[in-house]
Amino acid sequence: MTTMTMAKALNAALRRALEADPKVVIAGQDVGKLGGVFRVTEGLQKDFGEHRVVDSPLAESGIVGTALGMALRGYRPVCEIQFDGFVFPAFDQIVTQVAKMHFRSSGRLPVPLVIRIPYGGGIGAVEHHSESPEAYFCHTTGLKVVTCSNPADAYWMIQQAIASDDPIIFLEPKRRYHERAEVDERETPPPLHSARIVRPGTDVTLVAYGPMVKTCLDAAEAAIQDGHDLEVIDLRTLSPLDMAVVDESVQKTGRVVTVHEAQLNLGLGAELAARITEQCFYSLEAPVLRVAGFDTPYPPSRVEEEYLPDLDRVLDMVDRSLAY
Amino acid sequence: MSDASGASEEVELVQLLTPEGERLEHPEYSFSGDDDQIKGFYRDMVLTRRIDAEATALQRQGELGLWASCLGQEAAQVGSGRALGKQDFVFPTYREHGVALCLGVDPLHLLGLFRGIDLGGWDSQKYRFHLYTILIGAQTLHATGYAMAVERDGLVGTGDPDRDMAVIGYFGDGASSEGDVNEAFIFASSYNAPIVFFCQNNQWAISEPIERQSRIPLYRRASGFGFPGVRVDGNDVLAVYAATTAALERARTGNGPTLIEAYTYRMGAHTTSDDPTKYRLADELEHWRLKDPIGRVRAYLTRSGSGEEAFFADVETEASDLAAALRAGCLALPDPRILDLFDYVYAEQTPYLIEQKERYAEYVASFEDVSQDAGLRQAQRDGQPQPAFPGGVH
């Protein structure tokens, strides 16, 4: 058992993946000598060489398109997109090529490709550095989308993503990069595409992922003072969704609030609401309620704390749910 | 650089066989093969043209949804396709029917895509011929990444002809404007990847002439990216073969990328949905008809005495047989089953898709048990002929 930050956990896991399989290649802007702008790949080029940890030209479509070409020859590339808002030049390659190759080839051409994207706000950044683009990728069949909320999950999930034969968008909550927790490098992790109850409770279910899991756990602690016992689910996998865990929880509590940083309109909360309504209609005591970023573009950073869902907005929505 | 036009023919282009069938010398490129090899090129080009004509006819008769003709580009495709070594790997656009033929891909597979049977029905690893890419230019990045992988596999510059390999990425004059093609040039150059960028400049991107894409001859773009570019007469199979052979060898030996601009002409429409009479003059077509890639080889073989009448007749017979088999095969292609398609989305199937598939299977099955009326509705949905007497047979 070692205590480490999420950034260090990812670094240790990438090191382990590079050691385990010579076909694993890391590529991206500044991932080599610099070790990435968040230092997630620090020291890896020094130890594995420029052929395994590749500083790419500054062209996101090129990074993803060439990675797909390498995957077609049996490599397992792990691309880093430097920031969430920079992924869009690569969006065409991801949506029209990466996501469809297995289908187009009637299953003959798997694409074992991981695209790591630091995402989300809360770090006081300039425009295009704080976005939550997960819904675009979840809407794209052929991709799988996962996100970690803590160092232990980061450590295991990135290795599981690299081992997967499907293309995976791996979202890293950048404002949690430097939070510490224990990582047991010998445990057997849960399957990649599984959700987890991170705090059991009986009154209302909070469904969150990535950076909002901690916010929800804090909200659940605060709710104790109000006499409310909240259950918190960390989705971990956004596509496919692991609805079994969610449904079982909602059937117990009868109330559910979804929480994400991304904009409300057609965000993950909308899909969760639809699926929960289909599966748990007779268990619901209140409509599925959603806490999310506003439907404005991401704001200037001086007001981002108001834009981002926080403990109080989560608890306010919990109160509304309980009021039904 | 006095002429700013990308379409100019004043720019020097490598030519080893004139439109009249005369062999030419070139200081840098030569064709050292014999007439038997040239007869092979002739056969490949005639077969390619016949496949193309048959597919166009099948589209006109409603048997294909669309066809992208390669008429006029046979020399560019066969010359480059025949230059490939036995390890080399191809990333085509959707028009490389002649290259496919050279690599042994059954032309019926090409038709499957245009008939709506599949999205690419051949085993790309087996033929070393990747699936057709419909979106313009996207495959040049895949080709570059594949070449980067080849280099990592230690299959470049070993000096062993059974090991060394190169990658060739096809694209067109329109694609040269796409960001992906320019990014592919940068990645290939930066990593010195073993790749040949093969641009068939057929002068037209649907209705837009080359001048809309480039104000300089396309091959000159290569110098801005730091690797050599060459313009060849794309209707001269010998020049295309010679230039591609040299560029592939350069890539295999670790000397990096080359851009070949095969200067040719799209004799047909962009696709069967297009009407080129709306945007180009018949004169232009006549001008290029005199430069036909097949005619000049036939003229040469006739003059050299290698091409007897029997040879030309045999090729015609072979082409007719191939067309007949292609037509029969096309009409016999089985439609895909939508229930199978659910299984192709992921390598590791998801519970959600399994659930969708099962629900749809149940829905379909529900029509088998209920009334004739419902069965009739399903038959209509499936596009099956309806029974003449709905109340009758069962």
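The model is predicted: local features need pLDDT of at least 70, side-chain atom pairs count only at pLDDT 80 or more, and totals for chains, interfaces and linings use all residues. Residues are numbered from 1 along each chain as its sequence is written, while chains are lettered from A and ligands numbered from 1 in the order in which they are written.

**The two domains of chain A**
- Chain A is assigned domain 1 (2–183) and domain 2 (196–323), with bounds from an automatic or database domain assignment.
- The centres of these domains, taken over C-alpha atoms, are 26 Å apart.
- Their contact takes 22 residues from domain 1 of chain A and 22 residues from domain 2 of chain A; two residues are in contact if their C-beta atoms, placed from the backbone, lie within 7 Å.
- On the domain 1 side, strand 6 of chain A gives the largest share, 4 residues. Helices (H or I, at least four residues) and strands (E, at least two) are DSSP runs, numbered from the N terminus.

**A sheet in chain A**
- Five strands form an open sheet in the order 9-11-10-13-14 with mixed pairing; two strands pair if DSSP finds at least two bridges between them.
- Strand 9 (196–199) and strand 14 (289–293) of chain A are at the edges, each with a single partner strand, so one side of each has no neighbour in the sheet.
- Strand 10 (residues 204–208) and strand 11 (residues 230–234) of chain A run parallel, joined by 5 bridges.
- In strand 11 of chain A, A:Glu231 is the residue opposite A:Thr205.

**Helix 7 of chain B**

**Where the chains meet**
- Chain B gives 34 residues to the contact and chain A gives 32 residues.
- Helix 6, helix 7 and helix 15 (351–369) of chain B each give two or more residues to the chain B side.
- Helix 6 of chain B supplies the largest share of that side, 11 residues.
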